[in-house]
Amino acid sequence: MAATLGMLTQQNYHFEGYLAPSQGLSFADVPNGLKALTVVPLAGWCQMAIVIGIHELVIKQREGRAPGDFGTGYFGFTMDDQSSKQLRGLNVEIANGRLAMLGILGMFASEIVHNGEVLAETKMFS
C-alpha cells in the first residue's frame, strides 16, 4: 500500500534538498517510477539495505506466536485474542495487501506501456 501511495504522491510532490550533495543530485532530479532505480547512487542503495538489515536484526518474531505477532497489538486489538473480529480484521488486511500489490504492478505496467511516463492516464485530471 505504501508503494502505491508513494507512486501517486511522487507524481506531484518531491522533497526539497539534495539526495546526493557530492554529486549535485537533488530529490527533484529523481524521476518517478522504475527510472528512479537507475538514478539513485549505489551509496544510497547501500544505506537502505543497512537500515533494513538492522531492523531485521533488532525486531524479532515472538517465539511460538503467529506470524506478524511482535507483541505490540493493533489499534486496541491484542494478537492473543482469536475472536471472530480479530480474524476478520487479519483477513481484511491480507486482502488489502494483495490489492495493493496488484495496484503497484498495474502502475509499473502503465509506465512500461507509456514509454516511461508514470501514470499518464492521470494527466487529464491536472
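Asn 32 is placed in the loop between strand S2 (25-26) and helix H2 (36-39). The model under discussion is predicted.

Colleague: Is Asn 32 buried or exposed, and at what relative accessibility?

Modeller: A residue is called buried under 20% relative accessible area. Asn 32 falls below that cut-off and therefore counts as buried, its relative accessibility being 11%.

Colleague: Which residues does Asn 32 touch, leaving aside those up to four places away in sequence?

Modeller: Asn 32 sits in a loop, between strand S2 and helix H2. Setting aside residues up to four places away in sequence, Asn 32 touches Met 7, Gln 10, Gln 11, Glu 111 and Val 118.

Colleague: At what distance does the side chain of Asn 32 reach the backbone oxygen of Met 7?

Modeller: Met 7 is among the residues that Asn 32 touches. A polar contact requires a pair of N or O atoms within 3.5 Å. The side chain of Asn 32 reaches the backbone oxygen of Met 7 at 3.2 Å.

Colleague: What separates the C-alpha atoms of Asn 32 and Gly 116?

Modeller: Along the chain, Asn 32 and Gly 116 are 84 residues apart.

Colleague: Where does Thr 4 lie, and which backbone oxygen does its side chain reach?

Modeller: Thr 4 lies in helix H1, which covers residues 2-10. Thr 4 has a relative accessible area of 17% and is therefore buried. Not counting residues up to four places away in sequence, Thr 4 touches Gly 103, Ile 104 and Met 107 as well as Ala 100. The backbone oxygen reached by the side chain of Thr 4, at 3.3 Å, is that of Ala 100.

Colleague: Against which helix do the buried residues of H4 pack?

Modeller: The buried residues of H4 are Gln 86, Ala 100, Ile 104, Met 107, Ser 110 and Glu 111. Among the residues touched by Thr 4 are Ala 100, Ile 104 and Met 107, and Thr 4 belongs to helix H1. The buried residues of H4 pack against H1.

Colleague: How far apart are the end C-alpha atoms of helix H4?

Modeller: Helix H4 has 30 residues, 84-113, so at 1.5 Å a residue it should span 44 Å.

Colleague: What pattern does the protein follow along its sequence?

Modeller: The protein has four helices and two strands. Read along the sequence, these elements give the pattern α-β-β-α-α-α.

Notes: Residues numbered from 1 in each chain as written. Predicted model: local features only at pLDDT ≥ 70, side-chain atom pairs only at ≥ 80, totals over all residues. Heavy atoms only, no water. Buried < 20%, exposed > 50% of the residue type's maximum accessible area, 1.4 Å probe, protein only. Polar contact = N/O pair within 3.5 Å; in protein donor to acceptor, adjacent residues only side chain to side chain. Contact = heavy atoms within 4.5 Å. Expected span 1.5 Å × (residues − 1).
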